[in-house]
Amino acid sequence: MKTIMKIAALSTALTPVAALAQDDEINIAYLASSSQNGFNQAIYEGIQKAAEAYGNVSVEIFDGEFSAPTQFTQVEDLVAGGRFDAMIVTPNDTVGIATALEDATAAGMTVAATLFPIGPDLQDMEPQVDGLVTTVASDPSIGAARQAEEVVAFCEDKDPCKVVVLIGQLVFPFDNLRYETFQSVLGEHDNIEIVATGEGNYSPETSLTAMQDILQANPDVDAVLSNADQHLMGAEIAIVDAGLDLESIYLIGGGLNQIAADAIRAGSWDASLAQFPVSMGSAALDAVVDSLNGEEVETWIDESKLGDSPAVVTKEWLDENPDFEAEWQG
């Protein structure tokens, strides 16, 4: 069996628009990076749960289709339509969408970001868009570094240690930052070699194909490092289909869905970077409503602190916490 080893930021901001009456109907749009993505669905679940507690808050989801132009147009259309008081955005292009959101806040809409900060600096959680109320996120490079350090620990006695990286889409700024962080951390160790990189697009099916292609040229991999559990779902199938010993290969993903938790408990996978999408959505909704009601809100809510698990969840921790359930299925 393999053995591997709700706090917010202090800054606050005043609501940028005139407060609504407490009993006014509030309409909030959630702009998902993709409404077909399980993580985004879990964020929306949190938004819906929080909205239900108010009685006067309605929410609606919009599908960004993992497309930056689609999401940009959605912001423009929502501002022009005037139907919504606020929007919560999980961005596809954290830089490109900033202009549209500046227009939204200038038009009087309350805007919050989830998962990533919006603006040119992905490591700056404070608002980079004028009028942005709050960001519920954490620095993606910190999580990526923690994942890579787990691989370094596994590879300590292997020379060479051959690593496959599965990333979402390198066209996305946040995935580029994660990938650069993986390269930086692993690159400090002469025994570690990144033998291949595949793009999984947050899809088990796409990841399966990518991993199949990688294994044809690199059948003797030691570890698979991925930013998303969905990628490992496909990679696992490819590894088993190739006749390789799954338990001899170190597998670490990100997001900590229930499929990952079960696989880690079973010893098939080794670890996952913990994330809390339902809590993220609820925190964003509450902040938006508070802002609309004229209350002070925290400009940054650290998503990594919304749950009770360690940053990287392993079998050892899950065995010690048998009642733990992930916030999303996968």
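Helices and strands here are DSSP runs, numbered from the N terminus. By that numbering, S309 lies in the loop between β13 and β14 (312–314). The model is predicted. Its chain is divided into domain 1 (26–137 + 276–303) and domain 2 (141–274).

**Domains**
- The centres of domain 1 and domain 2, taken over C-alpha atoms, are separated by 30 Å.
- Ten residues from domain 1 and eleven residues from domain 2 take part in the contact.
- Domain 1 is given as two stretches, 26–137 and 276–303, while domain 2 is given as 141–274.

**Nonpolar cores**
- The largest nonpolar core has 67 residues. Within this core, I28, I88, M211, V224 and L285 touch the most other members.
- Helix α9 (residues 277–292) gives this core its largest share, nine residues.
- Both domains contribute: at least three residues of this core come from each of domain 1 and domain 2.
- Another core lies apart from the largest one. This other core has 22 residues, including A144, V151, F182 and I252.
- V224 has contacts beyond its sequence neighbours. Leaving aside residues up to four places away in sequence, V224 touches V164, L166, M211, L232, I239, I249, Y250, L251 and I252.

**Largest pocket**
- The largest pocket holds about 400 Å³ of space.
- Its lining counts 27 residues. Closest to the pocket centre are S138, D139, G143, R146 and S304.
- Helix α4 (140–155) supplies the largest share of the lining, six residues.
- Strands β11 (271–274) and β13 (300–302) each supply at least two lining residues.
- By type, the lining residues divide into 13 nonpolar, eight polar and six charged.
- Each of domain 1 and domain 2 gives at least three residues to the lining of this pocket.

**S309**
- Is S309 buried or exposed? S309 is buried, because its relative accessible area is 12%, and buried means under 20%.
- S309 touches L256, A274, F276, W317 and F324, not counting residues up to four places away in sequence.
- Among these partners, L256 and A274 have numbers within the bounds of domain 2 (141–274). F276 has a number within the bounds of domain 1 (26–137 + 276–303).

Terms used: Residues numbered from 1 in each chain as written. Predicted model: local features only at pLDDT ≥ 70, side-chain atom pairs only at ≥ 80, totals over all residues. Heavy atoms only, no water. Core = buried A, V, L, I, M, F, W, Y, C linked by side-chain atoms within 4.5 Å. Buried < 20%, exposed > 50% of the residue type's maximum accessible area, 1.4 Å probe, protein only. Helix = DSSP H or I, 4+ residues; strand = E, 2+ residues; numbered from the N terminus. Domains from an automatic or database assignment. Contact = heavy atoms within 4.5 Å. 1 Å grid on protein atoms, 1.4 Å probe; cavity = no way out; pocket = protein on both sides within 12 Å on 5 of 7 lines; lining within 4 Å. Points joined across faces, edges and corners; volume = space filled by probe spheres on them. Nonpolar A, V, L, I, M, F, W, Y, C, P; charged D, E, K, R; others polar.
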